[in-house]
Every structure is written in structure tokens, then in C-alpha cells.
Amino acid sequence: MAYQICSKTVMDNIADPDIRFDADGVCNYYHAFTQKLKIRVPEPEPAKQQLDKLVAAIKKAGKGKQYDCIIGVSGGVDSTYVAWLVNELGLRPLAVHLDNGWNSELAVKNIERLLQHLQIDLYTEVLDWETFRDLQWSFLQASTPDAEIPTDHIIFATMYKVAARFGVQYILSGMNFRSEGMLPPSWARGHLDWKYIRSVQQQFGSKSIRRLPHLTVARFLYYNLVLRIKNVGILNYVPFRKDEAMAIIQEKLGYRPYEGKHHESIYTRFFQSYILPKKFGIDKRKAHLSCLIMSTGEVSREQAMGILQQPPQSELQSHRDRLFVIKKLGITEAQFDAMMAAPVKSILDYPNHYRLEQLFRQKLNVLRAKGWLPN
């Protein structure tokens, strides 16, 4: 198959079976993103009105309670900016952090500075390391490009669990469509799929993961339909730009940046910078940069192509991370090399609820398009 790159973005046909190009060389992701952006990110004036309405609803629902919203904190730009934003809006958040054993030292410091500056209470979910380590190694052996699914799922489950515990109806997420809305489906699937996670662990793992925070279909429906907990991407309602957000949190909160997106986690840094490109041929920077080209103009297409000419991280850092990850996972060099050489698979090779999750997401998009659900 001949190499082809989108004429509008930097998405290409390397390691992406779902990409398509029209007669002008424009990829399907460009067209889909353009349409969804109109739904997920309101124009400035309607966005301000919707944000004011949302804040009023949060304050009303939280009246008389210790907290009126839940926010996640990872030490990354988006979650840090959300904390600053909700504080500016006069909300009373409880910060939730998942300690899965992979926090970088800088991430810990950034979280400490954030909480100290804004005087926000923190709830930390500390995972049993031996159980989670076993699950992570199971996903690497499963040979799918979505080995971050366990962490993402557990974070999601923890946020709902904490919201229910404190009687809070709003989870304010740092997910923003402008910078994260163009990820090819084949690169990461099954974030809500406990059946998939459980099936991978049953095949490759040695420990029970029953006690890890998780969302079954029934539990997810209970949180949403009975307790009426809403998960809202609040950054979709403000004129969010990464560069401007970075400047604010550096000045106001003493924030210190990382080399790359999601590099607050050592494991994520290594997985995205080493395993994904070397084993799967996937460079997630293409999706992130394409979003910035289209949504905010922070990066031009030419600049993005120049960035992609550089490796995700230095060879020295990759070498150090490789040694650290192998040691921390308790595996051998030979086991790691065998995992890297194993044939590539996907969620569809394991028992899953993928089609159910896809149907659910489609329904959510329809409801958002009609204005019946928040973004």
C-alpha cells in the first residue's frame, strides 16, 4: 500500500486501517472532526451562556454538601487547568487522584503545588501494586495497542465511586474535544469495557482483579440513571488553548511542564514514546497535532510535520525508561523482547462489549447533537 498523508492534517495511513481519503486527499478524520466540533464545542457566546447555566446547576445540586463537583488531578496540563478554572468559577471541588504506582516525581510536585495554591481537598485511590502490575503485564502480553485501558477504566470508575460516596452529581473532566477528538478507533478501544479487561486478565494474568475499581454495565447505568451523576467536559465551554492554559498555570500555580503529552506518568511516557511506535507503528502525536492544527491553530501543518520528524523522546530517556519499566513490572529482558515481537492483536480478539460501547457512544452523540446532554 502506497504511503498517503492527509492534505489538511498530519494523519496518514501508517498503522491505521480505518483511514480513508477523498478525491482532494483529505482524510475521513478531518471531515468527522469538523462536524463533531460544531456539536461538542459551542461558539463563544452560546458557550458562555451554557457554562453559566452549568455552574448554576452545579452550585444548586451541591448546596449543603461538602463538595459540589469532582475533578481528577494527574499533574497534567488539562487537569491542572480544570482545577484552576473551577476555582475561578467559585465551585467547591474535591480532587481525585489515582496512584497506580507510575507517578513521576515532577507530577507529584505539580499536584502538591496545585492543591496548596488553591486549597483543594484531595482523595487518593491507591491501587494494590501487585494486582495492578499483573494486570498491566497481562495487557502488554495481549498485544493490543490499548494497553492503557486498565488505567483509564479505573480512573473513570474511581471518579464515579467517589462522586456517589459524597453525594456529588457532577464530575468535571479535563477531556476536551479540541485537542483529543481525532484518535483513530483502532488505536484505543474499550475504555468502558470491563468484560474486555477481565477477559484479558483471565487469559494472561495470575491475580484476581475483582477488588480494583471498575464499571460493569449495570453499575454504569446505576450511576448515570439512578444517581444521575453527570460527567462533563468543562473545557469544551471555554476558549481553551494549550499554550494559554500552560502560561496561566505556570504563573498562577507554579506548574512545571513535561516533554510530552501525558508524560506525567512514567508508564504512559514509555508506552506512547517507545512501545506504540516500535511495536505498533503508532505515533499518537499525529492525532494530537492534527487537532491543534484544526481547532485552535496553535500549530501549523508545516510545524507539525517538523515535530514529527523528531523522535517522541531521546534515545537516552527511552533506554532509561525501558530498564525502569522492565524492573518495576518484575519481568526479564527476554520476556519484554518476546512481548514486543508478538503478533499485533485488537480488542476484537478477546471477549468484549465493544459493539455495546459503540452503540452507547453513538446514542450519546445523538443526545449531544440535540442539546439534551452536556458535552
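Trainee: Let's start in the sheet. Which residue is the bridge partner of I70 in β4?

Mentor: Keep in mind that this is a predicted model. β1 and β4 pair in the parallel sense, over 2 bridges. In β4, the residue bridged to I70 is I171.

Trainee: What is the strand order of the open sheet?

Mentor: There are 5 strands, and the pairing is parallel. The edges are β3 (121–126) and β5 (230–233), each of which pairs on one side only. Neighbouring strands are turned by 30 degrees against each other on average, ignoring direction. Reading across, you get β3-β2-β1-β4-β5.

Trainee: Over at β3, which residue is the bridge partner of A95?

Mentor: Strand β2 (residues 93–99) runs parallel to β3, and 6 bridges join the two. The β3 residue that partners A95 is L122.

Trainee: And towards β5, which residue is the bridge partner of Y170?

Mentor: β4 and β5 run parallel and are joined by 4 bridges. In β5, the partner of Y170 is K230.

Trainee: Which residues of β4 are buried on the two faces?

Mentor: In a regular strand, side chains alternate between the two faces of the sheet. β4 has both faces covered. One side holds Y170 and L172, and the other holds the buried pair I171 and S173.

Trainee: What angle does helix α6 make with β2?

Mentor: Helices do pack on this sheet: α3 (residues 77–88) touches β1 (69–72), β2 and β4 (170–173), and its direction makes about 150 degrees with that of β1. Helix α6 (residues 149–166) lies across β1, β2, β3, β4 and β5. Its angle to β2 is about 145 degrees.

Trainee: Now a helix pair. Are α11 and α15 parallel or oblique to each other?

Mentor: Two packed helices are described by the angle between their axes and the distance between the axes. The axes of α11 (residues 266–280) and α15 (residues 333–341) come within 9 Å and cross at roughly 55 degrees. A roughly parallel pair would need an angle under 35 degrees, and roughly perpendicular starts at 65. The two helices are therefore oblique.

Trainee: How many nonpolar residues does the contact of α11 with α15 have?

Mentor: From α11 come F270, Y274, I275, K278 and K279, which meet F336, M339, M340 and A341 in α15. By class, there are no polar residues and 2 charged ones, and the nonpolar count is 7.

Trainee: Which element gives the most residues to the largest nonpolar core?

Mentor: That core has 50 residues, and M11, F139, L140, I275 and F336 touch the most other members. Elements giving two or more residues include α1 (28–40), α5 (129–142) and α14 (315–329). The top contributor, with 8 residues, is α11.

Trainee: Is S295 buried or partly exposed?

Mentor: S295 is found in helix α12. Leaving aside neighbours within four places in sequence, S295 is in contact with F33 and R178. Buried means under 20% relative accessible area. S295 has 22%, so the label is partly exposed.

Trainee: How far apart in space are S295 and D321?

Mentor: In sequence they are separated by 26 residues. From C-alpha to C-alpha, the distance is 33 Å.

Trainee: Is Q119 buried or exposed?

Mentor: Q119 sits in the loop between α4 (105–118) and β3. Its phi is positive, about 55 degrees, although Q119 is not a glycine. The exposed class begins over 50%. At 64% relative accessibility, Q119 is exposed.

Trainee: And S143, buried or exposed?

Mentor: S143 is in the loop between α5 and α6. S143 also has a positive phi, about 70 degrees, without being a glycine. With a relative accessible area of 3%, S143 is buried.

Terms used:
Residues are numbered from 1 along each chain as its sequence is written. This is a predicted model: local features need pLDDT of at least 70, side-chain atom pairs count only at pLDDT 80 or more; totals for chains, interfaces and linings use all residues. Side-chain values use heavy atoms; hydrogens and water are left out. Two strands pair if DSSP finds at least two bridges between them. Axes are lines fitted to C-alpha atoms, for helices over the stretch in contact, and angles run from 0 to 180 degrees between N-to-C directions. Contact means heavy atoms within 4.5 Å. Angles under 35 degrees count as roughly parallel, over 145 as roughly antiparallel, 65 to 115 as roughly perpendicular and the rest as oblique. Ala, Val, Leu, Ile, Met, Phe, Trp, Tyr, Cys and Pro count as nonpolar, Asp, Glu, Lys and Arg as charged, and the others, Gly among them, as polar. A nonpolar core is a set of buried Ala, Val, Leu, Ile, Met, Phe, Trp, Tyr and Cys residues joined through side-chain atoms within 4.5 Å. Buried means under 20% relative accessible area, exposed over 50%, partly exposed in between (1.4 Å probe, protein chains only).
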